[in-house]
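Hi,

Here is the structure I promised to send over. Please have a look at it first, and then read on for what turned up.

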Amino acid sequence: MKIIKTTLVAGLISLFATFSTFAEKVKIGDPGWTGATAIANLLAAVVNDKMGGEAELVPGNNTAIYGAIDRSKGEIEVHPDIWLPNQQAYTNDLVPKGTLKLSSKPYEGNQGYCVSQQFAKKMNITAIEDLARPEVVKAMDSDGNGKGEFWIGADGWASANVNQVKLRDYGLYDAGIEPIRAAEAVKNARVLDSIKKGEGYAFYCYKPHAIWGMADVVMLTEPKHDPSKYKMVQPKEDADWYKKSYVASKDALKKIQIGWGTSLEAKSPAIVEFFKNFQLTGDDVSAMAYAISVEKKQPADVARTWMKNNKSKVDGWLGL
């Protein structure tokens, strides 16, 4: 009997060791904006809690994440929030090369420029060109340097490069507007502070995003999207990108999806199958981003709460 028990215990230990050894693993990039952080944590929670795998979050900007995926060494294997065409300088390189695959189930995004409802009403601002009026520029100058502050995005964002060009081609720099690059958390705090103080402030905004639940803001009108007036060259494509770009119309609606390194397909096929089925809506992302940014909840807790409240959708992703 003792021999049987010993054999049984040894077998169980061997079995658990086998599961541990062969548990599927993945490293998910987190590029830092709130929606991406929410999605990255949701992907990780599904892998860890529902699939019994191992998911690790790795922070990094777009250049770092795409570079790691391209190297195919397991440093980072997933981008959770690929905005196209914003990030096409990366995807147009990696997808044809065969190191990156994109989900076929995107959600829709809208980009533009916002001010607070309060500021818009006070200064009669409805369109992007209104920001070029001298009295508006002056009202947006919080540090007294004669320039109106306009947040265009964070370092490493392809969209920030687009915005830098677009504000130039809308004539806003000539009018006295100063482009500001800073972390998104800094922008969110500045938006709320400007409203509290009754100051003017303009910023790059997009949907989905928590800002729509954080404050009363309005997206300004722009010239209708015109491909002939939208020629964007990213730094990755050409060192002289700023001079060679010309953007003077609204962005087209975006297609936003996850993407994964093809090297993951042989290593963790079940995780890849989950990624192929994964799909959110803009409202899903906005709700999670709001919980993180406004309610100050931990991203991992937000992800698990969302999973609990959307069990049938999660089960569908996993074919259950």
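Lys296 is exposed, with a relative accessibility of 64%. This is a predicted model, and in it Lys296 takes a positive phi of about 60° although it is not a glycine. Its place is in the loop between α13 and α14 (299–309). Asn124 also has a positive phi, of about 55°, and is not a glycine either. That residue sits in the loop between α5 (117–123) and α6 (134–139) and counts as exposed, at 58% relative accessibility.

While you are looking at the backbone, there are cis peptide bonds to see too. One joins Leu84 and Pro85, with omega about 15°, and Pro85 lies in the loop between β3 (78–84) and α4. Another joins Lys207 and Pro208, where omega is about 10°; Pro208 belongs to the loop between β8 (202–207) and α9 (211–214). For context, most residues other than glycine have a negative phi, and most peptide bonds are trans.

Now to the domains. How many residues are in contact between domain 1 and domain 2? On the domain 1 side there are 21, and they touch 19 residues of domain 2. The area buried between the two domains is about 1,600 Å², and carbon and sulfur atoms give 62% of that.

As for specific pairs, three residue pairs are in polar contact between domain 1 and domain 2. The elements giving two or more residues to the side of domain 1 that touches domain 2 are α4 (88–97), β5 (107–116), β12 (254–261) and α13 (282–293). Of these, α13 gives the most, with six residues. By class, that side of domain 1 has 11 nonpolar, seven polar and three charged residues.

Asp93 forms a salt bridge with Lys236, with the closest N and O atoms 3.7 Å apart. Asp93 also pairs with Lys97, at 3.6 Å between the closest N and O atoms. Asp93 and Lys97 are four residues apart in helix α4, so about one helical turn separates them. Both residues are partly exposed: Asp93 has a relative accessible area of 28%, and Lys97 has 47%.

Why are Arg190 and Asp193 separated by about one helical turn? Because they are three residues apart in helix α8 (residues 184–197). Arg190 counts as buried, at 16% relative accessibility, whereas Asp193 is partly exposed at 26%. Glu199 forms a salt bridge with Arg190 too, the closest N and O atoms being 2.9 Å apart. Glu199 is partly exposed, with a relative accessible area of 25%. Elsewhere, salt bridges that share partners join Asp70, Asp93, Lys97 and Lys236 into one network.

Best wishes

Technical notes:
Residues numbered from 1 in each chain as written. Predicted model: local features only at pLDDT ≥ 70, side-chain atom pairs only at ≥ 80, totals over all residues. Heavy atoms only, no water. Contact = heavy atoms within 4.5 Å. Buried area = accessible area lost by both parts, 1.4 Å probe. Salt bridge = Lys/Arg side-chain N within 4 Å of Asp/Glu carboxyl O. Polar contact = N/O pair within 3.5 Å; in protein donor to acceptor, adjacent residues only side chain to side chain. Nonpolar A, V, L, I, M, F, W, Y, C, P; charged D, E, K, R; others polar. Buried < 20%, exposed > 50% of the residue type's maximum accessible area, 1.4 Å probe, protein only.
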